[in-house]
Amino acid sequence: MSVLEGAVRVSALRSSKILDVHLDRLAVVYVRQSDPQQVLNHRESRERQYALADHAAALGWPRDRVLVIDDDQGMSGRSADRRGGFQRLLAEVTMEHVGLILGIEMSRIARNSRDWHNLLEMCAIFGTILADEDGVYDPRDTNDRLLLGLKGTISEFELVTMRNRLERGRLNKAQRGELFHRVPTGYVKLSTERVEFDPDEQVREVIRLIFDKYDEIGTAWGVFHYLIRNNIKIGFRPFHGPNRGNLEWRRPVLLTVFQILRHPIYAGAYAYGRRPHKHVRTADGERTGVGPWVPMEQWKVLKRDCLPAYITWERYLANQESLHQHRSGPGCKGSPRGGSALLAGLIVCGNCGRCLQPSYRTHARAYYSCVRHLHEGTEQTCFGLKAAVVDDLVVQQVLHALEPAALELSCRALEDVQQDRARLDKHWKQRLERARYEAVDAERRYRAVDPENRLVARSLEQRWEETLRAERQVGDDYDRFLREQPPQLSRDERALIAALSSDLPALWHAPDTTDQDRKEIVRHLVERVVVQVKNDSEYVDVAIHWQGGLVSRHEVVRPVRTYEQLRDLDKLMDRVVALRHEGRTAAEIAVCLNQEGFVPPKRCGEFYPELVHELLVRRGLSNEKKYADQLGSDEWWLPKLAEAVPVSAGKLADWARRGWLHSRRTPAQHLWILWADKQELKRLRKLAASSRRGMVEYPADLTTPKERHRGGHG
């Protein structure tokens with residue numbers, strides 16, 4: 001082609017919208033494909049986009065002024081937030097470096113109206129035109145702006161249409177039970193899109209062990225620690241990487257145990273939509289992530305009995321309910337934990353139906369409280385009680401219920417221990433068998449290679465040595481396991497298990513029995529405990545709802561703070577008054593009250609004289625000076641005579657004990673009543689004047705009381 005023919009062709013292709021100012025700038029070719037699969041397989045689309053550089057040259061741009069931006073290969077056009085190439089294109093436009101933007105079609109540049117119109121606005125401001133295989137467009141021109149806007153809208157609509165088409169196709173395949181992105185451990189996906197059990201026997205045995213142990217222990221946390229304690233690993237087949245599809249043994253984590261217990265595939269059911277995707281808008285833009293787990297009734301697809309099953313569907317539902325109850329929240333019992341509050345999660349307020357919350361003054365002093373008034377901001381109408389009061393009742397009833405089954409429990413315990421050890425022994429034998437096979441396989445590979453090829457033989461020899469060391473380590477661990485837990489129980493172990501099972505109270509109170517163990521036992525027998533606590537009574541109605549529907553009703557007595565909360569306060573006070581009128585002392589009244597079954601409010605012991613004195617104060621019977629005719633002629637209360645002498649009350653009481661003056665004591669409170677006429681009062685004053693610290697002997701005339709004529713109270 002001659003130079004003249006080339007110029008004529010460029011003139012024919014060149015649009016009147018392309019000005020010299022545009023030709024002085026860069027022509028940018030934007031290249032993008034949506035995902036890596038398209039980059040690898042859709043080569044024609046890629047080649048067409050790169051060929052736009054020739055189209056730019058045909059429009060009049062020199063080759064060295066054509067810039068190709070292909071940084072966004074494999075990136076979706078749904079959003080520009082993570083597309084570095086698109087951001088670079090906008091930056092070049094705003095710096096007035098770009099005269100022309102070329103794309104194979106507008107959908108290659110953006111499939112989002114916001115990004116597309118933002119680009120059009122920038123191009124209109126900085127004088128940049130756009131072009132595709134169909135023509136050249138000027139964003140400043142009204143008709144071109146309208147056409148570009150329609151193309152952007154159509155591009156966005158195409159994205160929605162494609163997404164809906166793919167989602168409907170995915171849902172249709174899921175409704176047939178054939179959509180499997182990946183399968184959990186214990187299963188393999190065959191090339192025919194079928195799902196089968198993992199062919200490895202040990203992998204299947206570990207999965208069954210997890211479900212059996214959950215039935216026995218009752219918590220995912222307990223199953224996880226059982227696996228860790230016995231060094232049991234879980235077999236996985238990676239979905240990605242160089243070891244894809246090959247079996248790997250990994251240390252279990254708590255999340256894996258939860259996933260195994262929650263996945264319906266282990267019950268032979270196909271499920272889709274258990275955790276739908278959600279669109280989240282952040283400061284960086286919109287992103288797609290997994291949403292929260294939804295209830296079973298909201299799953300999009302659930303097909304039962306269509307896949308190989310490890311457990312039954314009924315067992316799966318029971319596990320889900322158990323996992324739900326072990327959560328901490330309203331309506332859930334929570335998992336058994338440490339702490340002396342035996343009924344945490346089980347005890348219910350009989351007034352409002354809420355679970356009572358345990359709190360601890362000390363580790364051994366727990367208290368059940370109803371916090372309804374705190375949550376609702378209302379006056380307190382529900383009350384709690386000391387945990388030991390109702391816990392002791394439940395323990396007594398549980399042990400009484402288990403007593404007839406002591407022999408059966410002993411046999412069952414022996415059987416469970418024997419079965420558990422046999423299963424662990426089988427697991428170790430399988431691990432040893434696997435280690436031996438890997439060592440033999442490594443040896444076979446080493447011997448099959450040419451010894452002269454040291455580059456290969458050296459690596460195979462190293463691999464062989466590693467497998468031999470691993471086999472020896474597994475053998476040592478197995479020997480250690482046999483010494484610690486032999487498959488067959490010894491005679492002493494059987495006798496110990498039988499003795500502990502036959503004496504349930506001793507087993508319950510044994511130091512090795514933890515609070516968590518006790519709570520597990522109670523939960524196997526008791527569904528819930530309803531308590532009706534009244535603020536004006538120490539008596540509490542307790543209803544124990546047993547597993548199976550039986551309800552037993554009891555009454556316990558709780559400690560209360562004040563006498564006003566005692567139900568039989570009037571009866572108690574009437575009895576105290578009656579005993580007082582009989583002339584009983586406070587100590588004697590306390591003995592009578594204890595013998596008749598009366599108990600103080602806080603129930604911290606029995607009545608003693610100080611407590612009786614408090615009750616006497618309530619009825620105005622504590623001060624015996626108020627009684628009529630308590631003092632006879634020339635008789636004094638000890639404090640009054642001490643003021644008259646004057647001398648200290650303690651010294652005067654000591655003189656009365658020595659017999660240096662006539663005295664007597666009241667029958668109830670043993671208060672001192674002293675006799676002293678005018679002559680005796682003079683003697684006592686002389687005695688007080690001569691009294692000194694350290695003085696041992698006093699004159700006999702000062703310490704000998706005057707003879708008293710008996711009369712009145714004398």
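**View 1. The buried residues of helix α13 in this predicted model.** Trp 313, Tyr 316, Asn 319, Gln 320, Leu 323 and Gln 325 of α13 are buried, meaning under 20% relative accessible area with a 1.4 Å probe, protein chains only. They pack against α10 (201–217), α11 (220–229), α12 (254–262) and β13 (301–303), with contact taken as heavy atoms within 4.5 Å. Helices (H or I, at least four residues) and strands (E, at least two) are DSSP runs, numbered from the N terminus.

**View 2. The length of α13.**

**View 3. The largest nonpolar core.** Such a core is a set of buried Ala, Val, Leu, Ile, Met, Phe, Trp, Tyr and Cys residues joined through side-chain atoms within 4.5 Å. Of its 44 residues, Ile 210, Phe 211, Leu 227, Leu 261, Tyr 266 and Tyr 270 touch the most other members. Helix α10 gives the largest share, 6 residues.

**View 4. Around Leu 227.** Leaving aside residues up to four places away in sequence, Leu 227 touches Leu 209, Ile 210, Ile 232, Ile 234, Pro 252 and Val 257.

**Notes for all views.** Residues are numbered from 1 along each chain as its sequence is written, and side-chain values use heavy atoms, without hydrogens and water. As the model is predicted, local features need pLDDT of at least 70 and side-chain atom pairs count only at pLDDT 80 or more, while totals for chains, interfaces and linings use all residues.

Note on methods: The expected span of a helix is 1.5 Å times one less than its number of residues. Buried means under 20% relative accessible area, exposed over 50%, partly exposed in between (1.4 Å probe, protein chains only).
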